[in-house]
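Student: I would like to go through this model with you. Shall we take it question by question?

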Amino acid sequence: MLEPLRQGLPPLDPAAVSDAASCALPARYEAVREARRFTRRTLDQWDMGERFDDVCLVVSELVTNALRHGLTADTSCAGPHEPPVRLHLMRWTERLVCAVRDPSHDSPVARETDDFSAESGRGLFLVDSFSDSWGWHPMAGALSGKVVWALFRLPRTGARPHAE
């Protein structure tokens, strides 16, 4: 079990975010495809299409984990006002955060496996490999559940590589 991790997570002050987008996802596996489409459209709007492959892989894993481990049998009855899973994409000047909210209070569990041909159990390993950092935290206030997030560092706009 992982302790809640906030280290590396940018402040969630909406005024500090350059761009933000979110979408509600239904409690069915087709939601992973919808999340990838939403991510593609959003990154294209933000002129960040070159980051799509890594970000999309991480989004797919986070949404799959939310659907597989974050929902219960009665989740589909939660009502239209609070969707069971929600994807958030937030961009700061030098960071992009993908966050997936689900109704479960259980912490994400990274499985230890040496079987790299296995078809499941490697989601958080892939998230860790393709993002710069990731973590999770419980929701506060009226919303219940948790958010699992992944951070991608972005190059500075107009930054030039250092000559050595």
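Predicted model: local features only at pLDDT ≥ 70, side-chain atom pairs only at ≥ 80, totals over all residues.

Tutor: Residues are numbered from 1 along each chain as its sequence is written, and side-chain values use heavy atoms, with hydrogens and water left out.

Student: In what order do the elements of the protein run from the N terminus?
Tutor: Helices (H or I, at least four residues) and strands (E, at least two) are DSSP runs, numbered from the N terminus. The protein has 3 helices and 5 strands. Their order is β-α-α-β-β-α-β-β.

Student: What percentage of the residues in the protein is buried?
Tutor: Buried means under 20% relative accessible area, exposed over 50%, and partly exposed in between (1.4 Å probe, protein chains only). The protein has 164 residues. The buried part is 41%.

Student: Among contacts between residues at least 6 apart in sequence, what percentage joins residues at least 24 apart?
Tutor: Contact means heavy atoms within 4.5 Å. For the protein, the value is 67%.

Student: How far apart are the end C-alpha atoms of helix 2?
Tutor: Helix 2 covers residues 52-69, which is 18 residues. The expected span is 1.5 Å times one less than the number of residues.

Student: How many residues of helix 2 are buried?
Tutor: Helix 2 is largely enclosed by the rest of the structure. The reason is the count, because of its 18 residues the number buried is 13.

Student: At what angle do helix 1 and helix 2 pack?
Tutor: Axes are lines fitted to C-alpha atoms, for helices over the stretch in contact, and angles run from 0 to 180 degrees between N-to-C directions. Helix 1 spans residues 30-45, and its axis lies 9 Å from that of helix 2. The angle is about 145°.

Student: Which residues of helix 1 meet helix 2?
Tutor: On the helix 2 side, the partners include Phe52, Val55, Val59 and Leu67. On the helix 1 side they are Ala31, Val32, Ala35, Arg36, Thr39, Arg40 and Leu43.

Student: Is Asp47 buried or exposed?
Tutor: Asp47 sits in the loop between helix 1 and helix 2. Its phi is positive, about 55°, although it is not a glycine. Most residues other than glycine have a negative phi. At 67% relative accessibility, Asp47 counts as exposed.

Student: Which residues does Val58 contact, leaving aside neighbours within four places in sequence?
Tutor: Val58 belongs to helix 2. At 0% relative accessibility, it counts as buried. Its C-alpha atom is 9.2 Å from that of Ser129, 71 residues apart along the chain. The contacts of Val58 are Val127, Phe130, Ser131, Ala150 and Phe152.

Student: Which residues does Asn65 touch, not counting those up to four places away in sequence?
Tutor: Asn65 is in helix 2. It counts as buried, at 18% relative accessibility. Asn65 touches Gly70, Gly123 and Leu124.

Student: What distance separates the C-alpha atoms of His137 and Ser107?
Tutor: His137 lies in strand 4, residues 133-138. At 10% relative accessibility, His137 counts as buried. His137 and Ser107 are 30 residues apart along the chain, and their C-alpha atoms are separated by 8.3 Å.
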